[in-house]
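User: Please take a close look at the pockets of this model, starting with the largest one. Describe what lines each of them, and then how the surrounding secondary structure is arranged.

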2 protein chains.
Amino acid sequence: MEFDTSSPIWGQLVAEFSRRIVTSQWPPGGRIAGVRELAAELGVNPNTVQRALAELERQELCRSERTAGRFVTTDADRIDALRAELAEGAADDFVRRARGLGMAADQARRLIEERWTHDDDITDLAGATGHDR
Amino acid sequence: MEFDTSSPIWGQLVAEFSRRIVTSQWPPGGRIAGVRELAAELGVNPNTVQRALAELERQELCRSERTAGRFVTTDADRIDALRAELAEGAADDFVRRARGLGMAADQARRLIEERWTHDDDITDLAGATGHDR
DNA sequence: GTCACTGTACTAAGCACTTAATACAGTCAT
DNA sequence: ATGACTGTATTAAGTGCTTAGTACAGTGAC
């Protein structure tokens, strides 16, 4: 997996593991691979994985059985709440950035619709909110 | 200004300064306050401001007159391109995160519309993409 | 000339993150 | 009992970010 060097890897792992939980890639009650195995899969140090999982545990998204391994929570409400948190976080980030650029609601909506299908198109916003010329 | 401790401040300054340029808060050709003044305004070290402005210069968004100060580019096309880059970046980030959560296009659209007006509402997504219960 | 400003450069210190390398206690199959 | 697995803890090293402090060259007003 590729990581952004400009923010801590353990934080990016928290996001990735959370995503796996809400998409049931890591199903409720399922056993999570060991820190050494995850570290090898992700290409990072076991200590870094450990730190990310400790944070997931703090959020009660998983629990450690100490010697048997680590398991995803069986609390479906907690998982649904996590999904809502992540969705709202993504939406609020976009709204904050779009408003910061001075975009209007319909402009933002059109932009999202456009980027939804093709992630590597080139969009020309020049003139829509641009300068006098 | 408040900064996220989990990513470099100079990078957050690049984003903030870019925002000021595309919103004409820093108008084309306008003089940019000195590094010491900006640092005092933002509550950071002048060295950190310097690093952010050096990056803006590398992107040809401003140029240094060495002793007279620093000025925003007068190239309106470059500024329009920057606005498009920032808008697309925000949209692509949201699309990537929303798809990663398994959201459908109309779900994503509704979520954005909802978060556009009220940034601190509580949205209940439980059941929309949730578990069997 | 003097003074106040500009951008720029450099050092030293402190801090968080990441890594490698061990080490230890508990569980479980054999 | 032995060996292989679990989570967890610790140390040392290297790196990047941020800060404080200092310094220097060039410009312009007086």
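Analyst: In this predicted model, the largest pocket holds about 2000 Å³ of space. Its lining is made up of 45 residues, and those closest to the pocket centre are Asp93(A), Arg96(A), Arg97(A), Asp93(B) and Arg97(B). Both chains contribute: the elements giving two or more residues to this lining are α1 and α4 (76-100) of chain A, along with α1 (9-22) and α4 (76-100) of chain B. The top contributor is α4(B), with 8 residues. Sorted by class, the lining of the largest pocket has 16 charged, 15 nonpolar and 14 polar residues.

The second largest pocket has a volume of about 210 Å³. The residues around it are Arg31(B), Ile32(B), Ala33(B), Gly34(B), Val35(B), Gln50(B), Ser64(B), Arg66(B), Thr67(B), Ala68(B), Gly69(B) and Arg70(B). By class, 5 of these lining residues are polar, 4 nonpolar and 3 charged.

As to the method behind such volumes, rolling a probe the size of a water molecule over the atoms shows where empty space is left.

Next comes the helix packing in chain A. Helix α1(A), one of the elements that line the largest pocket, spans residues 9-22, and its axis comes within 14 Å of the axis of helix α2(A), residues 35-42, with a crossing angle of roughly 105 degrees. An angle of 65 to 115 degrees counts as roughly perpendicular, and α1(A) and α2(A) are therefore roughly perpendicular to each other. On the α1(A) side the contact is made by Leu13(A), Phe17(A) and Arg20(A), and on the α2(A) side by Leu38(A), Glu41(A) and Leu42(A). By class, this contact has 4 nonpolar and 2 charged residues, with no polar ones.

Chain A also has an open sheet, in which 3 strands are ordered β1-β3-β2 with antiparallel pairing. Its edge strands are β1 (31-32) and β2 (62-64), each of which pairs on one side only. Strand β2(A) is joined to β3(A), residues 70-72, by 3 bridges, and the two run antiparallel. Within this pairing, Arg63(A) of chain A has Phe71(A) in β3(A) as its bridge partner. Helix α3(A), residues 46-58, lies across β2 and β3 of chain A and runs at about 115 degrees to β2(A).

Methods. Residues are numbered from 1 along each chain as its sequence is written. Chains are lettered from A and ligands numbered from 1 in the order in which they are written. This is a predicted model: local features need pLDDT of at least 70, side-chain atom pairs count only at pLDDT 80 or more; totals for chains, interfaces and linings use all residues. Side-chain values use heavy atoms; hydrogens and water are left out. Two strands pair if DSSP finds at least two bridges between them. Helices (H or I, at least four residues) and strands (E, at least two) are DSSP runs, numbered from the N terminus. Contact means heavy atoms within 4.5 Å. Axes are lines fitted to C-alpha atoms, for helices over the stretch in contact, and angles run from 0 to 180 degrees between N-to-C directions. Angles under 35 degrees count as roughly parallel, over 145 as roughly antiparallel, 65 to 115 as roughly perpendicular and the rest as oblique. Ala, Val, Leu, Ile, Met, Phe, Trp, Tyr, Cys and Pro count as nonpolar, Asp, Glu, Lys and Arg as charged, and the others, Gly among them, as polar. On a 1 Å grid over the protein atoms alone, a cavity is a set of points where a 1.4 Å probe fits but cannot get out, and a pocket is an open set with protein on both sides within 12 Å along at least five of seven lines; lining residues have an atom within 4 Å of a point. Grid points are joined across faces, edges and corners, and a volume is the space filled by probe spheres set on the points.
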